[in-house]
Each structure stands twice: as structure tokens, then as C-alpha cells.
Amino acid sequence: EGEEGTEKKVEMKDITVPILRYVATSHPDKRSMEGWVLRYEEQGRSGSVVSSGNTLVVAQAALEEERLHFFCGRTRGAPAAGAYCAVPLKEKDGSVYGVLAMDTLLDGRAIGDGDVARLQQLAAAVDEAREPFAEADREKRRLEEEAAEAARREEEEKQRLEAEAAAAEAGEGEEEGE
């Protein structure tokens, strides 16, 4: 708390709330999924891919339903079997910015090594295509940080000069009083 009559400066910091957003799906009822958000704290199986940075394959997804979040039910007559695969989407520095996932809950087929390799190749292509935009974002953040630091230094210099001017005025007032 500041002293009476003074304003306490509150330092603002960026707060990041990691989320995974369903941006596209081939599910027949895509409207029930697209746009849904999983908060990272919910840490479903996709969240574990974000935190580990590793590909995940669940051979029998039906046995892990309590650990997989499904926003829509299975289509009537769909098998109770199926597999799930999630691949991390990574920045150039290796940090994970998203997850590319697929499942076979509608047809019940297995996800083989070839399917996993293709999904990993697709993720690598997405990463590569995104990199110029990510580089521009990094440069923007760097410039914003430099501007904020310059503004902070400028404010400190202004306060220093004001303090010097006030001290000089006080000194002149003392001399005149003599």
C-alpha cells in the first residue's frame, strides 16, 4: 500500500493460460467440436503431449475414455474400439505450441506405425510453414520489450531531473532567505 496521497505503482505482467483449442475436425458432427477449448490444467492425454513434447499413441482408446476428453459422443453404430494418436507441434527452440491429433473412434481401426509417421511428417510441415510467422512474433515481442525498457529508463531519468530541479530550487530559496 502506498502512503496517503501517493499512488502505489502496480507492476503488470503477462499471464499465459495455456489452452488447446479444437480448430478443425473431420468428425461428421464437426460443429459439436470445433472451437472447444481444453485448459492445459485439465491435462488430458493431449495435455500430456504438450508437457512431454512426445508423440502419444493409445492403441485402445475405448479403454482409456476416462483419460481422453470426448466432446461429442460416438456416432450411432460406431465400434467401441479405436485408437488415438497425438503429435506435438513445436517451435524452432523445441517448445510445444500445439498438438495435432487423430483418432479412429468412428471406424475402430488400429493406428499403425505408418499412420504415426505420416502424422509426424504433417506436424513437421505445419511447424515449418508456421516458422516465419513465429519469427515475426518473436521479433515483435523483442521490440516491445526494448520499448518498455526504454520507457522505464526515460521515466527514471525524468524523475532524477525533477528531483535535481527541486533540490536546486530549494537551495536557491535558502540563499535568498539569508
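Which residues is Glu91 in contact with, leaving aside its neighbours within four places in sequence? They are Tyr97, Arg130, Glu131, Ala134 and Arg138, where contact means heavy atoms within 4.5 Å. This is a predicted model, in which local features need pLDDT of at least 70, side-chain atom pairs count only at pLDDT 80 or more, and totals for chains, interfaces and linings use all residues. Residues are numbered from 1 along each chain as its sequence is written, and side-chain values use heavy atoms, with hydrogens and water left out.

**Overall build**
- The protein has 2 helices and 5 strands, taken as DSSP runs (helices: H or I, at least four residues; strands: E, at least two) and numbered from the N terminus.
- From the N terminus, the order is β-β-α-β-β-β-α.
- Of the 178 residues, 21% count as buried, meaning under 20% relative accessible area with a 1.4 Å probe, protein chains only.

**Glu91**
- Glu91 sits in the loop between β4 (84-90) and β5 (96-103).
- Glu91 counts as buried because its relative accessibility is 18%.

**Second largest pocket**
- Glu91, Ser95, Val96, Tyr97, Arg130, Ala134, Asp137, Arg138 and Arg141 line the second largest pocket.
- β5 and α2 (113-177) are the elements that each give two or more residues to this lining.
- The largest share, 5 residues, comes from α2.
- A pocket is an open set of points on a 1 Å grid over the protein atoms alone, where a 1.4 Å probe fits, with protein on both sides within 12 Å along at least five of seven lines; lining residues have an atom within 4 Å of a point.

Technical notes:
Buried means under 20% relative accessible area, exposed over 50%, partly exposed in between (1.4 Å probe, protein chains only).
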